[in-house]
Amino acid sequence: MKKIIAVLLLSVSVMACSGDDEQKTTANVNADQTPVKNVIFLIGDGMGLAQVSKAMQTRDEPLNLEKANYVGLMKTSSSKEVITDSAAGATAFSIGVKTFNGAIGLDGNGRSKKTLLEMLAADGYSTGLIATSGITHATPASFYAHVESREDYYSIAQALVNAPVNLFIGGGEDHFDKRSNEKRGKPDDRNLVKEMEDKGVTLINNLGALEKATGRVGYFTAGQHPESVIKGRGDYLPKSIKPSIDFLQKETKKGFFLVVEGSQIDWGGHANDLNYTMTELYDFDKAVGAAMKFAEKDGNTLVLITADHETGGLTLPTSDIESDEPYSEAGHAYSTIGHTSAMVPVYAYGKGAEKFTGVYENTAIYHKLLSVLGK
Ligand code: MG
Ligand code: ZN
């Protein structure tokens with residue numbers, strides 16, 4: 001009997017020790033608790049698990065996403081609806097509270113709240129926004145504008161003129177210099193492109209020009225939305241990552257916050273067009289690869305990749321991997337032309353990545369980012 005008790009006691013103490021050891025080991029793994037310096041936040045609009053799964057199945061090479069060593073799951077609802085739109089989805093990331101569908105940079109009561117980008121800029125970070133939609137579209141706008149309706153391009157464009165955004169790359173130039181066409185606000189003949197230039201913003205028309213540029217820089221890639229990859233947009237999204245990082249680093253020693261959106265993954269979902277979705281997802285994944293490459297070398301950078309919601313209710317009911325047609329009708333099915341409420345994956349890579357495991361709300365992204373930045 002005594003022996004048994006001794007053994008029991010021994011095993012209890014061994015368990016206690018191993019508990020301590022485990023703590024020590026964890027502490028060692030995450031020994032570097034100093035704040036993350038740079039954040040590259042990549043948003044694949046409408047990119048759910050089925051979209052990522054299909055992209056993996058239809059390519060020989062692994063996706064860059066697969067290099068992310070820490071993965072989480074995110075709940076995407078907005079303040080009033082279980083199915084979010086992209087405005088409320090990105091606003092959850094940018095201000096850390098849920099808001100109503102359509103709202104940009106406002107809380108659920110319609111009150112304007114400072115965005116993460118605005119806070120970091122005020123703190124001396126350089127900031128950048130890159131999108132394959134108009135730069136005034138809901139996702140990028142949620143980081144610098146504060147309006148009740150995502151359709152209010154009249155006000156969103158005006159907000160960008162004065163926003164603390166060091167660099168923007170995306171479409172939407174017409175909202176700045178063809179304002180008499182606007183359906184919202186009071187259409188006017190102001191030329192915000194010129195007003196921006198008067199304020200010292202340098203407008204460039206190729207990525208090479210970033211090398212010499214300083215101060216605030218903008219690159220309009222289209223009057224409205226840029227084309228899809230299929231229709232010939234090219235690869236400015238992945239190609240812009242490296243020169244944008246170089247530019248943002250040149251602008252400050254403190255660190256940078258770069259938001260990159262694969263905007264049209266969502267539009268492929270709305271169109272129930274898998275080829276559209278996949279070509280946009282591959283383009284986005286190349287941007288992820290470029291961001292990871294920098295983070296790997298830098299050692300002080302977090303790369304965070306997620307979606308605002310899933311689009312299309314994509315399911316993969318049968319195998320068409322062996323088929324010559326990777327997107328054959330049999331291999332996939334959409335269940336809606338809208339968004340769904342399914343959780344979306346979060347992929348984290350680089351410094352601070354371990355903080356992004358678990359199951360959490362979209363608003364947690366904002367709080368986790370502040371935390372890893374030491375704020
Ligand atoms: Mg979007
Ligand atoms: Zn959408």
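## Salt bridges

Arg179 forms a salt bridge with Asp188, with the closest N and O atoms 2.8 Å apart; a salt bridge here is a side-chain nitrogen of Lys or Arg within 4 Å of a carboxyl oxygen of Asp or Glu. Both Arg179 and Asp188 are buried, where buried means under 20% relative accessible area, exposed over 50%, and partly exposed in between, using a 1.4 Å probe and protein chains only. The structure holds 15 salt bridges.

The side chains of Lys254 and Asp123 also meet in a salt bridge, at 3.6 Å from N to O. Lys254 lies in the loop between α9 (236-251) and β7, and Asp123 in the loop between α4 (116-122) and β3 (126-134), so the pair ties together parts that are 131 residues apart in sequence. Lys254 is partly exposed at 38% relative accessible area, and Asp123 is likewise partly exposed, at 31%. Salt bridges with shared partners join Asp123, Lys254 and Lys375 into one network. In the salt bridge between Arg111 and Asp107, at 3.2 Å from N to O, Arg111 counts as exposed at 52% relative accessibility, whereas Asp107 is buried at 10%.

## Basis of the model

This is a predicted model, in which local features need pLDDT of at least 70 and side-chain atom pairs count only at pLDDT 80 or more, while totals for chains, interfaces and linings use all residues. Residues are numbered from 1 along each chain as its sequence is written, chains are lettered from A and ligands numbered from 1 in the order in which they are written, and side-chain values use heavy atoms, with hydrogens and water left out.

## Magnesium site

The magnesium ion (ligand 1) is coordinated by Asp45 (OD), Thr139 (OG1) and Glu261 (OE), at 2.0 to 2.2 Å; donors are N, O and S atoms within 2.8 Å of the metal (3.2 Å for Na, K and Ca), and water is not among the atoms, so sites may look incomplete. Asp45 lies in the loop between β1 (38-44) and α2 (49-57) and Glu261 in strand β7 (residues 256-262), so the pair ties together parts that are 216 residues apart in sequence; helices (H or I, at least four residues) and strands (E, at least two) are DSSP runs, numbered from the N terminus. Asp45 counts as buried at 2% relative accessibility, and Glu261 counts as buried at 2%.

## Nonpolar core

Of the 99 residues in the largest nonpolar core, Ile40, Leu42, Phe143, Phe257, Ile305 and Ile365 touch the most other members; such a core is a set of buried Ala, Val, Leu, Ile, Met, Phe, Trp, Tyr and Cys residues joined through side-chain atoms within 4.5 Å. Helix α11 (residues 274-298) supplies the largest share of this core, 11 residues.
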